[in-house]
Amino acid sequence: MKIRKLDDLAATIRRLRGEGKTVALCHGCFDLLHLGHIKHLQMARAVADYLCVTISPDRFVDKGPNRPFFTETLRAEALAALECVDFVGINEWPTAEETLRTLRPTYYVKGQEFAGLQDKTGKLQRELVAAEESGVALRFTHEIVYSSTKLIAQLYGANLEASSHPVTLRDAYPAPTREYLAEFASRHSLRDIASRLEGLRGLRALVLGDGIVDEYHYCSTLGRAKKSPLVVYRYQSEEVFAGGAFAIANHVANLCDEVRLVTLLGAQDSREEFVRGKLRPGVRPKFFYRADGPTVVKRRYIEQYLNQKSFEVNYLNDTHVPEEIEREIVAYVEAEAPAHDILLLSDFGHGLITPRIIAAAQRCARFLAVNAQTNAANAGHNLITKYRQPHFICLDEPEARLAAQDRFGPIREVAGRLLRETSAGSLIVTLGKSGSFGINARGEESCCPVFSTSVLDTVGAGDAYFAYTAPCVAAGMPWPMVSFVSNAVGA
């Protein structure tokens with residue numbers, strides 16, 4: 001077994017050196033394994049009897065957004081597949097200093113780009129001190145030089161090349177985002193953010209909303225049918241997720257230890273076993289059942305090669321729930337909402353949230369957070385303006401503009417109008433690639449840029465954003481910090 005823990009590697013190297021064998025050590029990220037890496041490792045292997053390679057763990061890779069490109073496990077497996085490599089280990093520290101002290105190889109081998117013993121980050125100099133203290137000799141190889149960072153940048157158009165300082169995720173952002181992050185960091189520390197998030201553990205959360213089973217069916221295109229004008233696909237695979245209120249409850253359970261989920265299942269094709277299996281341990285569900293429809297299922301067909309949605313089929317009865325079920329839900333909300341610190345109401349317009357249930361939530365919730373979605377199934381008939389005096393509202397820009405009947409006006413005016421019309425305590429509008437804009441009844445505003453550097457699928461991002469934002473607002477987190485945390489989660 002080539003891949004070993006560092007303690008095992010240290011014992012193996014001690015044994016080999018005791019037998020008079022020499023061991024060379026190479027260390028690096030080895031993210032996109034290329035010809036330069038292979039030549040370097042082959043030459044390092046020629047220096048000694050055995051070659052050991054250690055890699056930077058994912059948590060310490062600081063080469064830019066979405067890096068490392070491959071996980072530490074995959075990178076280790078790729079190196080282990082090379083004939084010239086005898087042992088592979090995943091480092092436990094940001095640099096190779098402690099690795100050298102722990103493993104104590106015969107040689108520490110670096111590439112020719114370090115032959116001048118110059119490294120602006122200072123890492124090499126510290127590693128040289130550790131090598132000298134551990135009796136490890138330094139060797140250099142001379143081979144063709146490539147850079148994983150440059151190759152990835154060329155492939156994906158990201159400007160991630162090293163500059164006069166270590167490349168970090170922040171460097172990949174445009175100037176306004178970098179300025180925002182620098183200003184935010186000057187006022188809020190990571191310790192403060194983490195402490196405030198940890199403080200949400202004690203919140204008792206009630207999630208009320210439409211649960212959705214999201215299906216993705218991946219297909220490949222066969223071509224046009226002979227006798228009709230349609231495209232024929234071949235089925236490849238599928239994935240199924242618990243979405244909507246199910247996903248929101250799971251997200252909230254990351255923050256709050258006590259989460260109660262109130263939602264609707266269909267007596268026809270209930271999917272209850274699947275849903276229960278997907279809920280986190282901290283989520284306690286209360287299911288109501290409608291006999292005249294299925295649990296909501298949204299089935300998306302994806303052309304696998306380009307990862308593009310071809311079409312979607314919804315299975316649902318989006319008429320209001322029957323009155324007898326409505327009365328049961330109203331009674332349950334009236335009993336449970338006062339016992340919870342926050343009620344997150346996720347309204348997809350799929351039949352569960354009726355005017356009477358809204359009234360009960362508005363009347364009984366200690367803190368009411370609302371997300372009223374506009375989607376293909378409700379065709380713009382599910383507007384936030386049907387709510388009154390919620391403590392917090394979360395919408396995306398199309399939902400906000402539709403509710404305000406303002407297609408082109410400044411988003412600040414749109415948000416302010418909705419805040420006044422609903423008498424809400426605060427409101428955040430997510431703006432896609434433009435980030436988010438927040439405003440509250442005290443007149444405080446917050447603009448936060450987007451933190452996503454690439455987008456594959458936006459489904460579920462809004463649910464995650466709402467699930468994290470609402471408890472932060474309920475706990476009185478500073479307004480700019482609310483936007484920062486939620487934009488990070490949405491990304």
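Visitor: Is the crossing of α9 and α15 left-handed or right-handed?
Guide: Right-handed, for α9 and α15. Bear in mind that this is a predicted model.

Visitor: Which residues make that contact?
Guide: From α9, Ile248, His251 and Val252. From α15, Asp463, Ala464, Phe466, Ala467 and Tyr468. They divide into 6 nonpolar, 1 polar and 1 charged.

Visitor: At what angle do α9 and α15 cross?
Guide: Roughly 40°, with the axes coming within 9 Å. That makes α9 oblique to α15. Helix α9 covers residues 245-253 and α15 covers 461-474.

Visitor: Now α8 and α16. How far apart are their axes?
Guide: The axes of α8 (190-198) and α16 (479-490) are 12 Å apart, and the packing angle is about 85°. So α8 is roughly perpendicular to α16.

Visitor: Which residues meet there, between α8 and α16?
Guide: Asp192, Ile193, Arg196 and Leu197 in α8 meet Met481, Phe484 and Val485 in α16.

Visitor: Change of topic. How many cavities of 30 Å³ or more?
Guide: The count is 1.

Visitor: What lines the largest cavity?
Guide: Asp210, Gly211, Leu264, Leu265, Gly266, Arg290, Pro294, Thr295, Val296, Asn317, His350 and Leu352. That lining divides into 5 nonpolar, 5 polar and 2 charged.

Visitor: Which strand gives the most to the lining of the largest cavity?
Guide: Strand β9, with 3 residues. Both β9 (258-268) and β10 (283-294) supply at least two residues each.

Notes:
Residues are numbered from 1 along each chain as its sequence is written. This is a predicted model: local features need pLDDT of at least 70, side-chain atom pairs count only at pLDDT 80 or more; totals for chains, interfaces and linings use all residues. Side-chain values use heavy atoms; hydrogens and water are left out. Axes are lines fitted to C-alpha atoms, for helices over the stretch in contact, and angles run from 0 to 180 degrees between N-to-C directions. Helices (H or I, at least four residues) and strands (E, at least two) are DSSP runs, numbered from the N terminus. Angles under 35 degrees count as roughly parallel, over 145 as roughly antiparallel, 65 to 115 as roughly perpendicular and the rest as oblique. Contact means heavy atoms within 4.5 Å. A crossing is left-handed if the near helix is turned anticlockwise from the far one by less than a right angle, and right-handed if clockwise. Ala, Val, Leu, Ile, Met, Phe, Trp, Tyr, Cys and Pro count as nonpolar, Asp, Glu, Lys and Arg as charged, and the others, Gly among them, as polar. On a 1 Å grid over the protein atoms alone, a cavity is a set of points where a 1.4 Å probe fits but cannot get out, and a pocket is an open set with protein on both sides within 12 Å along at least five of seven lines; lining residues have an atom within 4 Å of a point. Grid points are joined across faces, edges and corners, and a volume is the space filled by probe spheres set on the points.
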